[in-house]
Amino acid sequence: MIRLNAFFEVKDNASIDAVKNLGTELVNKSRNDEGCVSYDLFTSATRPLVMMFCETWKDEEVLKAHIASAHFTDLVPKIEALTKNGLKLEKFEF
């Protein structure tokens with residue numbers, strides 16, 4: 001299995017609600033992808049502009065399909081446009 005943690009910080013002038021709405025749409029659609037074990041969006045309890053997607057995938061093949069999906073290619077660039085430095089990805093395998 002593969003765990004991805006994607007951290008990002010919302011731009012000061014961006015709407016947190018807009019980011020949360022896009023993030024929630026990504027979570028809901030991604031949870032339906034084949035091989036998705038879990039997919040969640042969290043907001044930092046200590047830094048309210050810092051958020052993180054936590055994803056667990058069955059294997060690399062289903063992760064690649066997710067990355068190529070229409071919802072991923074549509075929503076992730078919109079989310080990244082509202083961040084200070086894009087998404088910082090940490091990948092773990094178990």
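Which residues in α2 meet which residues in α3?

Modeller: Keep in mind that this is a predicted model. On the α2 side, the residues are His66, Ile67 and Ala68. They meet Ala70, His71, Phe72 and Thr73 in α3. By class, this contact has four nonpolar, three polar and no charged residues.

Now the geometry. The axes of α2 and α3 are 5 Å apart, and the two helices pack at an angle of about 60°. An angle of 65 to 115 degrees would count as roughly perpendicular, and one under 35 degrees as roughly parallel. α2 and α3 are therefore oblique to each other.

α2 lies across β1, β2, β3 and β4. Its direction is at about 130° to β3. Helix α1, residues 16-30, lies across β1, β2 and β3. α1 runs at about 170° to β2.

The strands themselves form an open sheet of four, in the order β2-β3-β1-β4, with antiparallel pairing. β2 (36-43) and β4 are the edge strands, each pairing on one side only. From one strand to the next, the twist averages 10°.

Take the pairings of β1 in turn. β1 and β3 run antiparallel and are joined by eight bridges. Here Glu9 stands opposite Val50 in β3. β1 also runs antiparallel to β4, which covers residues 88-93, and six bridges join these two. In that pairing, Asn5 stands opposite Glu90 in β4. In a regular strand, side chains alternate between the two faces of the sheet.

Who supplies the lining? β1 (2-9), β3 (50-57), α2 (60-68) and α3 (70-80) each give at least two residues. α2 gives the most, with three. By class, the lining has 11 nonpolar residues, one polar and one charged.

Methods
Residues numbered from 1 in each chain as written. Predicted model: local features only at pLDDT ≥ 70, side-chain atom pairs only at ≥ 80, totals over all residues. Heavy atoms only, no water. Nonpolar A, V, L, I, M, F, W, Y, C, P; charged D, E, K, R; others polar. Axes fitted to C-alpha atoms, helices over the stretch in contact; angles between N-to-C directions. Parallel < 35°, antiparallel > 145°, perpendicular 65-115°, else oblique. Contact = heavy atoms within 4.5 Å. Pairing = 2+ DSSP bridges.
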